[in-house]
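Please look through the sequence and the structure shown below, and then read the notes that follow alongside them.

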Amino acid sequence: MVITFLQRMLWMVALVAAQMMVFNYMHLFGYATPLPFIYFLLLFPRGTQRWSILLWGFICGLLCDVVSLTPGIGAASMTLIAFVQPLFLEHMVPKDAVDDLQPGIDTMGFWSYVRYAGLLTFLFSLCYFLVLSFNFFHIVDLGLSFVSSWLLTLLLCLSFEGVRSKRNG
Amino acid sequence: MRALLDFISKYYHWLIFMVLEGFSFVLLFQFNHYHSSVWLTTANRVVGQVDAWEQEFLRYIKLGEVNEQLTRRNLILEQNLDILSARLAALTHDSTATERLQAERLSGITTIPANVVTNSVLRRNNFITIDKGEADGVQPEMGVVCGTGIVGIVYMSSTHYSIVMPLLNSRSRISCRLRGSSFFGYLKWEGSHPLFATLDDIPRHARFKVGDIVETSGFSSVFPRGIFVGKVAKIENSDDGLSYKLRVHLGTDFSCLQQVIVLSQQFQPELRDLEQKADSVASS
C-alpha cells in the first residue's frame with residue numbers, strides 16, 4: 001500500500017514537473033499545448049476507491065495549477081476526470097477482467113486503450129479549455145486549441161503508456 | 001436517519017466530488033481576475049434578472065389593488081371632467097343668431113336657470129318638471145324658455161320644484177305674432193307631432209309666406225315680445241274660412257330638452273293683479 005502510494009506520488013511529481021518545465025512552454029502552431037499530467041489518472045486500476053481517485057486527481061490538478069499559475073483550472077478539470085474515470089474504465093474492460101486490472105496497452109489491448117485514453121483526454125481537454133477561456137467569443141480559436149491540444153496530449157499519453165508497457169513487459 | 005446514512009455511504013463520492021469542484025471554482029474565481037470579473041458580471045446579470053422577475057411578479061400580485069385605486073380615481077376624474085366640460089361649454093358656447101336675439105329680448109328680465117327633471121312628449125297633455133321652485137323665485141304663470149325658443153308656462157310650483165305646462169299640452173295657449181308684422185294669433189298644439197304646433201286666427205289680409213318667423217307677441221305678462229317660437233311650415237285656411245291657420249315648425253325640440261330658463265318679469269305680479277281686477281269689474 002505504501003509502495004502504491006509512493007509510486008503514485010512519484011508519477012504525480014514527475015508529470016507535474018514535466019508539465020511545469022517542458023510542456024507549459026510548448027505552443028505548437030500557436031494552439032496546441034499538451035497537458036499530459038492527465039496520464040496520472042489513466043493509471044488508476046479498476047476497483048480503486050473513488051474518494052481516493054478524487055483526492056489524487058484534485059491534488060494533482062492543484063499542484064499543476066500552482067506551478068502553472070492557473071489556480072482552479074487544472075484542479076476542476078482533474079477532479080471531473082477523476083470522477084468519471086472509474087465509470088469509463090468499467091465500461092471498457094471485459095466483464096471477466098480481474099478486479100484490480102491496471103489499465104494499459106498490455107492489459108486492455110491497443111485500441112481499447114486508445115479509446116479509453118482518447119475519451120478521457122478529450123473530456124479533460126474540453127473541460128480545461130472551456131474553464132480557461134470562460135467565454136465563447138473566439139470559438140474557432142478555442143476549438144483549434146482544444147482539438148490540437150487534445151490530440152497532442154493523447155499522443156503523449158500513448159507514448160508514456162507505450163514506454164511503461166514495454167518496461168513492464 | 002439510517003436511510004440517510006445509507007444514502008450518504010452509497011453516494012459519498014458525489015459529495016466529495018462536489019466539494020472538490022466547489023473548492024476548485026472558489027480558487028478559480030478568487031485568484032483569476034478575468035474569471036472573477038466574468039463571474040461577477042454574469043452573477044450580477046442573473047441576480048438582476050431574478051430581481052426583475054420578482055418585482056414583476058410582485059407588481060402582478062398587486063394589480064388588483066392598483067386596479068381598484070385606478071377605478072376609484074377614474075370615477076372622480078370623470079366627474080370632474082363632466083363638471084368642467086359643462087362649464088367650458090357654457091363659457092365658450094358660440095350662440096346662434098336666435099340665441100343672441102333671445103338674450104337681447106330677455107335683457108331687463110330676471111332669468112332663473114333650471115334643469116329638466118322629468119319630461120314627456122308622447123302624451124296629449126304633457127308636463128315638464130324642473131328643479132327650481134319658490135325658494136329660487138319661481139312662481140306660477142312665469143314663462144319658460146330655452147336656447148332655441150319658448151318652452152311653456154310654469155303651471156304650479158313647490159319649494160324646490162316646479163311643473164311647467166309646455167307648448168306640447170292641449171290646454172296651452174300662447175299669444176304669438178309673425179315677425180315684422182303686427183298680426184297675431186294663438187299658438188296651440190294639436191297633439192300630432194312634437195315639433196309642430198298651430199297658430200290660429202291670423203287674419204286673411206295678412207301678408208306672409210312659408211318660412212316666416214313666429215315669435216311671442218308680448219300681449220301677456222308671461223313672455224316679453226319677440227321671443228323666437230318657430231317658423232311657418234304650412235299655410236291653411238281655418239275651419240270657418242275667415243282666417244288662416246299656420247302650421248309652425250317649433251324651434252324647441254322637447255324630446256331632448258335638458259336646461260331651461262324661467263323668466264321673472266319685474267312687474268308681472270302687478271300686471272296680473274290689475275288684469276284680475278279688470279276682469280272682476282267687467283264681470284260685476
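B:Ala206 sits in the loop that runs between strand S8 (196-203) and strand S9 (213-216) of chain B, where strands (E, at least two residues) and helices (H or I, at least four residues) are DSSP runs numbered from the N terminus. This is a predicted model, in which local features need pLDDT of at least 70 and side-chain atom pairs count only at pLDDT 80 or more, whereas totals for chains, interfaces and linings use all residues. Residues are numbered from 1 along each chain as its sequence is written, while chains are lettered from A and ligands numbered from 1 in the order in which they are written.

**The surroundings of B:Ala206**
- B:Ala206 counts as partly exposed because it has 16 C-beta neighbours inside 10 Å; a residue is buried if 20 or more other C-beta atoms lie within 10 Å of its own, exposed if 12 or fewer, and partly exposed in between, with C-beta atoms placed from the backbone.
- When its neighbours within four places in sequence are left aside, B:Ala206 is in contact with B:Ser181, B:Phe183 and B:Tyr244, contact being defined as C-beta atoms, placed from the backbone, that lie within 7 Å.
- From C-alpha to C-alpha, B:Ala206 and B:Phe184 are 9.7 Å apart in space, and they are 22 residues apart in sequence.

**The barrels of chain B**
- Six strands of chain B close into a barrel in the order S6-S7-S8-S11-S10-S9, and their pairing is antiparallel; two strands pair if DSSP finds at least two bridges between them.
- S8(B) pairs with strand S11 (residues 243-250) of chain B in the antiparallel sense over six bridges, and B:Ile202 stands opposite B:Tyr244 in S11(B).
- Another closed barrel of six strands in chain B runs S1-S2-S5-S4-S3-S12, with antiparallel pairing, and here the twist averages 45 degrees from one strand to the next.
- Strand S3 (residues 143-146) and strand S12 (residues 259-264) of chain B run antiparallel and are joined by three bridges, with B:Gly143 opposite B:Leu263 in S12(B).
- Strands of a sheet pair through backbone hydrogen bonds, either parallel or antiparallel.

**Helices of chain A**
- Helix H1 (residues 2-21) of chain A has 20 residues and reaches 28 Å from its first C-alpha to its last, close to the 28 Å expected at 1.5 Å a residue, where the expected span is 1.5 Å times one less than the number of residues.
- The buried residues of H1(A) are A:Met12, A:Leu15, A:Val16 and A:Gln19; seen down the axis of H1(A), they fall within an arc of 95 degrees, so they line one face of the helix, the arc being that of the directions from the helix axis to the C-beta atoms.
- What covers these buried residues of H1(A) includes H2 and H3 of chain A, whereas on the other side of H1(A) the exposed residues include A:Val2, A:Ile3 and A:Leu6.
- Helix H7 (residues 139-168) of chain A, with 30 residues, reaches 42 Å from its first C-alpha to its last, close to the 44 Å expected at 1.5 Å a residue.

**The contact between the chains**
- Chain A gives 14 residues to the contact and chain B gives 15 residues.
- Five residues from H4(A) make up the largest share of the side of chain A that touches chain B.

Notes
Two residues are in contact if their C-beta atoms, placed from the backbone, lie within 7 Å. Axes are lines fitted to C-alpha atoms, for helices over the stretch in contact, and angles run from 0 to 180 degrees between N-to-C directions.
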